[in-house]
Every structure is written in C-alpha cells, then in structure tokens.
Amino acid sequence: LRGGRILTVNGIPHRIRFDTDATALRAGVRQSLDTDADGIVGLLEVRHRPDIDPVPLLDRWLREQARGVLQARVTALAPVVGVRPTSIAVRDQQTRWGSASKQGSLSFSWRLILAPAFVLDSVVIHELAHLRHDNHGPAFWALAKTHAPRTDEARRWLRASRAGSCTAKTAEPATKTSAPASAHRSIVLSLTPLATWIHPASGAA
C-alpha cells in the first residue's frame, strides 16, 4: 500500500497521499474534492508521525464515512420502500454485505463505501425490501428492482468486483416456490483486505 494509488470512495476516485510529520500533534485523514475532465476526483491525505502505521488511520476513516453514507441512504430510501427500520448498524462483517432481521434492524458491511454508488444503493434497497418480504420471492424482486433498477448489474459487481477482489452471492429470484422465511436475509460475500481495493494510479508502477 503506497501513496499515489487510487481508491474509490463513495463512487469517487481518490488519490492517496501519505504525509509523514514528526511534529504532528494529531494523526488523521483529510479529504479534498476537485474536478477534472473526467468529473469529480478526490485526494486523501493521511497525516501521521513516523512511529504510526497510516493504514489503520485510513481504515478507520473509511468506516466513519461508510457509517454516515449508509445511514443517510437508509434514511432517504426507507420512505420510498414504505418501511421503517428500527436500527442501522455498520460493522466489519465477515460474511455479508448486508442483512435485515424480522425485528426491523439492518446491518451493513463498511466496505460498501468502496463500491459504486448504485451498488451501495442496491444493497440498501435489497435489505429494506426484506422488511416487507422475508423471502426472495417474485414480490420481493419486483419491489427491489422497482426502486433499484440496476439490481442485476449491482449483483454482478458484487460477485466479482473490478479487480476480482470480492465475490458475492445472492439468492436467485424464485420461479416456483419461495424459500422458507428465516430470521435474517442477507447478501453473502467473501471479504478481502483493504489493500486489494486500491489500484495503481494511471502510469504508476
């Protein structure tokens, strides 16, 4: 993991820069946004003392960003789907992109902040739809695809992301009989370390 690499955060490509400062009183991450010919671009400046590993600082900042973005998207999309979640949690989930319980609680992987915005929204819609349909039957998929029309594209991205850094599996739309209801419905994935989501900048070695 080196400076100059590119990391996509909330759909925006960000260049990473590590700034070592022996006099720094506080370590942390500063985000700045700009525009170029390709659209919005970002810079993540990770400031740290020489004795501090900067990667956990970046990891913690990404989790905070994920929490804010996911809470905002659930708040915005829940009324559209016609549901009221009882709680929202953003965790370092080891097996799921997201899950929904019968009690109305939602849980998401913080790594969704590294996915394209339409993919994050599709997962949010998927879990919100489970608050109305506790299965993967036709009514569930009709609701999910009404509010997330790029669901199929999102599922393909989740199965094999841009660099093959993750794979995901969701239940296929039921064609005959819906699967039995369970306490949790979720999108399952295999998680990989943060470094695998980071790509070389154009022209970088």
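Q: How many residues does helix α2 have, and what span does it reach?
A: Helix α2, residues 117–130, has 14 residues and reaches 20 Å from its first C-alpha to its last, close to the 20 Å expected at 1.5 Å a residue. The expected span is 1.5 Å times one less than the number of residues. This is a predicted model, where local features need pLDDT of at least 70, side-chain atom pairs count only at pLDDT 80 or more, and totals for chains, interfaces and linings use all residues. Residues are numbered from 1 along each chain as its sequence is written, and side-chain values use heavy atoms, with hydrogens and water left out.

Q: Why is α2 largely enclosed?
A: Twelve of its 14 residues are buried, so the rest of the structure largely encloses α2. Buried means under 20% relative accessible area, with a 1.4 Å probe and protein chains only. Among the buried residues are F118, V124 and H130.

Q: What sits over the ring of F118?
A: The charged end of R150, 3.6 Å from the ring centre. The rule asks for NZ of Lys or CZ of Arg within 6 Å of the ring centre and within 35 degrees of the ring normal.

Q: New topic: how many helices and strands in the protein chain?
A: Four helices and nine strands. Helices are DSSP runs of H or I with at least four residues, and strands are runs of E with at least two.

Q: And what percentage of the chain is buried?
A: Of its 205 residues, 44% count as buried.

Note on methods
Buried < 20%, exposed > 50% of the residue type's maximum accessible area, 1.4 Å probe, protein only.
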